[in-house]
Amino acid sequence: MGGLTTPATSSASSSSIMDANNNTASQNNNDNKRAEYYYLTPNAVKRLPNYQYNGADLSLLYKHVLSPLAGWCVDHLTPTWLAPNAITSIGLCWMISSYCVIWYFCPGMYEANTEMNSEYTVPSAIFLLNGCAMLIYQTLDNMDGKQARKTGSSSPLGLLFDHGCDALNSIFGSANWIAAMGLLPGSVNVLLGEASGSANVQNKSYLSELLGGDAMLATFIILSPMTAFFVSTWEQYFTGKLILPVFNGASEGLVMGASLSFISYVYGPMIWQQTTWTDGAIAFLGDNGIMAFSAMEGRVRNLDIVVLSSIIALVQELLGKVPFVIRSYGKEAMRTLIPHIVFVISTIVIITTDSTIFLRIPRTMCHLISGLFVEQTTQIMLDHMVEEKFSAIRWVMLPQVALAAAMAAGVAVPNEYVDVFFMAYTAVLWVYLALKLKTHVNEICDVLGIWCFDIVSPRPKSKRD
């Protein structure tokens, strides 16, 4: 009788076929849903919900002061309905506000230097505001993760959002530090004239002479924390871990930056133009019979020490991370470093070739550098979370690289054309970047079934389902 088909077996077979068809249809619907995203690939949609953050801050300051402070604020001051991303945004708003206030009073970033600006007095209270904003930002930045764990709302979106805000905040801190020190991002001879500028301490500075002028000092103040930030993210991309060392920018760096602003508030920005710190050390050594550094007297400004310290910190960061990652992951690790190396080199080429560009359009240059940095940093972070390959070709950098190559080749481009080019380039870049990041957030929220700034309201079923 084995060759006969009974009604029961026929019904079971039909049911199995229907189930298989339903499963196939459901799978097709899921595939169609994944294919509808603009940035997230089907692979990213699969892996994003499973991402788990792995990191630690080894800073003693963080462990004993900053983390307990943030924990207390979350436990006693933060309502459970407040979304972690909202906390991050509030902190960033403080930095944006401080940046805008300082931009208003110091559009060229040097106006607090009374030797360069005699038309009006910059109120010192703006540097008090910046110092407070930095500490508030740091505290809220430490609170968001604790709030996420407290409310059970931790998600990959929170990590990317926090990381993106930190990347964006880099330029706010750096530009405000330059303003707080009254650093002229260019030659004093250009601003005041050869006769008046020749006696200025800028023309006597060893570090300024070594690095190619104060425009390069300003560039290093901007690029050093960005490069350290990118390298940490780059390491995380390969190792899956973000381990901040005992001394790091997120903890000690922000506290020192806030302290710099407080010093400018109390003693005035011109304290950074003085040579008192090094001269005092030289005098002390001279009293003890050590005269080897006497030639440096009057030639090392207090701000030179700040810049040199940031460069040393960057070198330490690079030596601690880059060789290890390259040894472990080989050519692929070197390939993913290319975008940032090109970004740094092209920026330096432009600043060194056109030594007055930071005097003509300082804020435009800051915003352009920031946009290019944020684009590549947020992309490598997202690629890390979804385990996808980070593209070494960043098309948004092509205009800057092309212009830098032309400048390096000696192509003469009138300053007014360069300025208009960079203004238009920066505007288009930030419009593109805003749309890209907004789309990223919307797509991630849709995949995870959450809202970005609301952890209470349920998210309606996706229209793609």
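Arg47 is partly exposed, with a relative accessibility of 34% (buried means under 20% relative accessible area, exposed over 50%, partly exposed in between; 1.4 Å probe, protein chains only). The model is predicted: local features need pLDDT of at least 70, side-chain atom pairs count only at pLDDT 80 or more, and totals for chains, interfaces and linings use all residues. Residues are numbered from 1 along each chain as its sequence is written, and side-chain values use heavy atoms, with hydrogens and water left out.

The side chain of Arg47 forms a salt bridge with that of Glu387, at 3.5 Å from N to O (a salt bridge is a side-chain nitrogen of Lys or Arg within 4 Å of a carboxyl oxygen of Asp or Glu). Because Arg47 belongs to helix α2 (residues 42–47) and Glu387 to the loop between α15 and α16 (398–408), the pair ties together parts that are 340 residues apart in sequence. Helices are DSSP runs (H or I, at least four residues), numbered from the N terminus. Glu387 is exposed, at 57% relative accessible area.

In the whole structure, 12 salt bridges are found. Another of them joins Lys321 and Glu317, with an N to O distance of 3.8 Å. Both residues lie in helix α13 (residues 302–353), 4 residues apart, about one turn of the helix. Lys321 is buried, with 7% relative accessible area, and Glu317 is also buried, at 14%. A network of salt bridges with shared partners comprises Asp214, Arg301 and Asp304. Within it, the closest N and O atoms of Asp304 and Arg301 are 3.0 Å apart, and both of these residues are buried.

The second largest pocket holds about 570 Å³ of space. On a 1 Å grid over the protein atoms alone, a pocket is an open set of points where a 1.4 Å probe fits, with protein on both sides within 12 Å along at least five of seven lines; lining residues have an atom within 4 Å of a point. The volume is the space filled by probe spheres set on the points. Of the 25 lining residues, Leu92, Gly164, Leu168, Trp430 and Leu437 are the closest to the pocket centre. Two or more lining residues come from each of α4 (84–105), α6 (156–180), α15 (362–386) and α17 (415–448), and α6 gives the largest share, 8 residues. The lining has 19 nonpolar residues, 6 polar and no charged (Ala, Val, Leu, Ile, Met, Phe, Trp, Tyr, Cys and Pro count as nonpolar, Asp, Glu, Lys and Arg as charged, and the others, Gly among them, as polar).
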